[in-house]
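These are my notebook entries on a structure that I consulted for the first time. I set down what I looked up, entry by entry.

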Amino acid sequence: MQKIISDPKIMMGKPVISETRITVELILEKLAAGETPQQILEAHPRLSDEGIKAALAFVPQAL
């Protein structure tokens with residue numbers, strides 16, 4: 001399962017999906033804009049469904 005990491009050397013410390021440079025913010029923006037998880041996965045081959053779920057699960061923890 002992919003998890004969320006935050007490293008100052010990757011994307012200026014923004015939370016990203018591990019082993020990618022895909023930010024939680026990007027995933028949430030795409031979902032809010034109406035993209036489906038399948039569309040996001042097609043646009044970002046290194047991302048998995050678990051990564052999208054991890055991003056969504058991260059939100060309440062971050063708030």
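I take helices (H or I, at least four residues) and strands (E, at least two) as DSSP runs, numbered from the N terminus. The model is predicted, so I note that local features need pLDDT of at least 70 and side-chain atom pairs count only at pLDDT 80 or more, while totals for chains, interfaces and linings use all residues. Residues are numbered from 1 along each chain as its sequence is written, and side-chain values use heavy atoms, with hydrogens and water left out.

**Entry 1: Ser18.** I found Ser18 in the loop between E2 and H1. Ser18 is buried, at a relative accessible area of 11%. I count a contact when heavy atoms are within 4.5 Å. Not counting residues up to four places away in sequence, Ser18 touches Gln2, Lys3 and Ile5.

**Entry 2: the loop between E1 and E2.** I looked up two residues here, Gly13 and Ile10. Gly13 is partly exposed, with 21% relative accessibility. Its contacts, leaving aside neighbours within four places in sequence, are Ser6, Asp7 and Pro8. I also read off 19 Å between the C-alpha atoms of Gly13 and Pro60, which are 47 residues apart along the chain. For Ile10, with neighbours within four places again left aside, I listed contacts with Ile5, Val16, Thr20 and Arg21.

**Entry 3: helix H1.** Which residues of H1 are buried? I recorded Val24, Ile27 and Lys30. Seen down the axis of H1, these buried residues fall within an arc of 135 degrees, so they line one face of the helix; the arc is that of the directions from the helix axis to the C-beta atoms. They pack against strand E1 (4–5), strand E2 (16–17), H2 and H3. After H1 comes Gly34, whose phi is positive, near 105 degrees.

**Entry 4: H1 against H3.** At what angle do the axes of H1 and H3 cross? The axes of H1 (residues 24–32) and H3 (residues 49–62) cross at roughly 95 degrees and come within 10 Å. That makes H1 roughly perpendicular to H3, a term that covers 65 to 115 degrees. Axes are lines fitted to C-alpha atoms, for helices over the stretch in contact, and angles run from 0 to 180 degrees between N-to-C directions. On the H1 side the contact is made by Val24, Ile27, Leu28 and Leu31, and on the H3 side by residues including Ile52, Ala55 and Phe58.

**Entry 5: Ala54 in H3.** Ala54 belongs to helix H3 and is buried, with a relative accessible area of 8%. Leaving aside neighbours within four places in sequence, I noted its contacts with Gln2 and Ile4. Ala54 and Val24 are 30 residues apart in sequence and 8.7 Å apart in space, C-alpha to C-alpha.

**Entry 6: the core.** A nonpolar core is a set of buried Ala, Val, Leu, Ile, Met, Phe, Trp, Tyr and Cys residues joined through side-chain atoms within 4.5 Å. The largest has 9 residues, among them Ile17, Val24, Ile27, Ile52 and Ala55. H1, helix H2 (37–43) and H3 are the elements that give two or more residues to this core.

Note on methods. Angles under 35 degrees count as roughly parallel, over 145 as roughly antiparallel, 65 to 115 as roughly perpendicular and the rest as oblique. Buried means under 20% relative accessible area, exposed over 50%, partly exposed in between (1.4 Å probe, protein chains only).
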